[in-house]
Amino acid sequence: MTSGTTPGLTRFNTSADSEALATLHEVCSSSAWGSKLLAQRPYATAEALFLASDAAMAELTAEDLADAMAGHPPIGRPKAGDPTSSREQSGMAGASAELKTEMLELNLAYQDKFGHVFLICATGRTGEQMRDAVRERIGNSPEEEREIVRTELGKINRIRLTRLVETSEEENSA
């Protein structure tokens, strides 16, 4: 269903610019990314929206990527009261206290090295898989890591955009 026009895509295409921009900001906190997607409305299909998102992500500067990452909490500490954050990080919900402590330590070491939170598309990943990923990626150069982060943000944006275009009016107002 995500390849064609859906009620969620129609609602996004026809909403006021300010409302659409606020919706895009919930998907990705990069204002450059959101502005690029807003400027290309209306989208004929969900796939056209996804491709525009990918293209906008590819064009983000290091500063824009930092802007995008600022909207993501550390793995293992989803934003309180944020169902999207909790859903995406559900792989850590049942993690042992030991694993949670280890993730906190790894997150801090990663943040010390790169200056931002460890970012990974956590949807569908276990706590152990996320721990293994941060262990592996902490050895990357800042340039390598920036491109991995760009890819991970693109995956997260696609998941969130899919939810946006598949959500009906009733689900949106609930």
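Here are worked exercises on a predicted model of one protein chain.

**Exercise 1. The overall fold**

Task: State how many helices and strands the protein chain has, and what pattern they follow.

Solution. 
Step 1. Count the elements. The protein chain has ten helices and zero strands.
Step 2. Read along the sequence. The pattern is α-α-α-α-α-α-α-α-α-α.
Step 3. Look at burial. The protein chain has 174 residues, and 43% of them count as buried.

**Exercise 2. Helix 2 against helix 3**

Task: Find the angle between the axes of helix 2 and helix 3, and classify the pair.

Solution. 
Step 1. Locate helix 2. It spans residues 17-27.
Step 2. Take the axes. Those of helix 2 and helix 3 come within 9 Å and cross at roughly 135°.
Step 3. Apply the cut-offs. Angles over 145 degrees count as roughly antiparallel, and 65 to 115 as roughly perpendicular.
Step 4. Helix 2 passes helix 3 in a right-handed crossing.
Step 5. Name the residues. Helix 2 brings Asp17, Ala20, Leu21, Leu24 and Val27. Helix 3 brings Trp33, Gly34, Ser35, Leu37 and Leu38.
Step 6. Sort this contact by class. It has seven nonpolar, two polar and one charged residues.

**Exercise 3. Helix 3 against helix 4**

Task: Describe how helix 3 crosses helix 4, and which residues meet.

Solution. 
Step 1. Locate the helices. Helix 3 covers residues 31-39, and helix 4 covers residues 46-59.
Step 2. Take the axes. They come within 9 Å and cross at roughly 140°. That makes helix 3 oblique to helix 4.
Step 3. Name the residues. Trp33, Lys36 and Leu37 of helix 3 meet Leu49, Ala52, Ser53, Ala56, Met57 and Glu59 of helix 4.
Step 4. Sort them by class. The contact has six nonpolar, one polar and two charged residues.

**Exercise 4. Ser53 and Asn157**

Task: Decide whether Ser53 and Asn157 are buried or exposed, then list what each one touches.

Solution. 
Step 1. Ser53 lies in helix 4, and Asn157 lies in helix 9.
Step 2. Use the cut-off. Buried means under 20% relative accessible area. Ser53 has 1% relative accessibility, so Ser53 counts as buried. Asn157 has 0%, so Asn157 counts as buried.
Step 3. List contacts, leaving out residues up to four places away in sequence. Ser53 touches Trp33, Leu37, Asn157 and Leu161. Asn157 is in contact with Val27, Cys28, Trp33, Ser53 and Met57.
Step 4. Compare sequence with space. Asn157 and Val27 are 130 residues apart in sequence, with 6.0 Å between their C-alpha atoms.

**Exercise 5. The buried face of helix 8**

Task: Show why the buried residues of helix 8 line one face.

Solution. 
Step 1. List them. Helix 8 spans residues 127-137, and Gly127, Met130, Arg131, Ala133, Val134 and Arg137 are buried.
Step 2. Look down the axis of helix 8. The buried residues fall within an arc of 160°, so they line one face of the helix.
Step 3. Ask what covers them. The cover includes helix 7 (97-114) and helix 9 (142-166).
Step 4. Leu106 is buried, with a relative accessible area of 16%.
Step 5. List the contacts of Leu106 beyond four places in sequence. They are Arg131, Val134, Arg135 and Ile138.
Step 6. Leu106 and Arg131 are 25 residues apart in sequence, and their C-alpha atoms are 7.8 Å apart.

**Exercise 6. Arg11**

Task: Decide whether Arg11 is buried or exposed.

Solution. 
Step 1. Arg11 lies in helix 1, residues 7-14.
Step 2. Read the value. Arg11 has 16% relative accessibility and counts as buried.
Step 3. Arg11 and Thr167 are 156 residues apart along the chain, and 9.6 Å separates their C-alpha atoms.

Methods:
Residues are numbered from 1 along each chain as its sequence is written. This is a predicted model: local features need pLDDT of at least 70, side-chain atom pairs count only at pLDDT 80 or more; totals for chains, interfaces and linings use all residues. Side-chain values use heavy atoms; hydrogens and water are left out. Axes are lines fitted to C-alpha atoms, for helices over the stretch in contact, and angles run from 0 to 180 degrees between N-to-C directions. Helices (H or I, at least four residues) and strands (E, at least two) are DSSP runs, numbered from the N terminus. Angles under 35 degrees count as roughly parallel, over 145 as roughly antiparallel, 65 to 115 as roughly perpendicular and the rest as oblique. Contact means heavy atoms within 4.5 Å. Ala, Val, Leu, Ile, Met, Phe, Trp, Tyr, Cys and Pro count as nonpolar, Asp, Glu, Lys and Arg as charged, and the others, Gly among them, as polar. Buried means under 20% relative accessible area, exposed over 50%, partly exposed in between (1.4 Å probe, protein chains only). The arc is that of the directions from the helix axis to the C-beta atoms. A crossing is left-handed if the near helix is turned anticlockwise from the far one by less than a right angle, and right-handed if clockwise.
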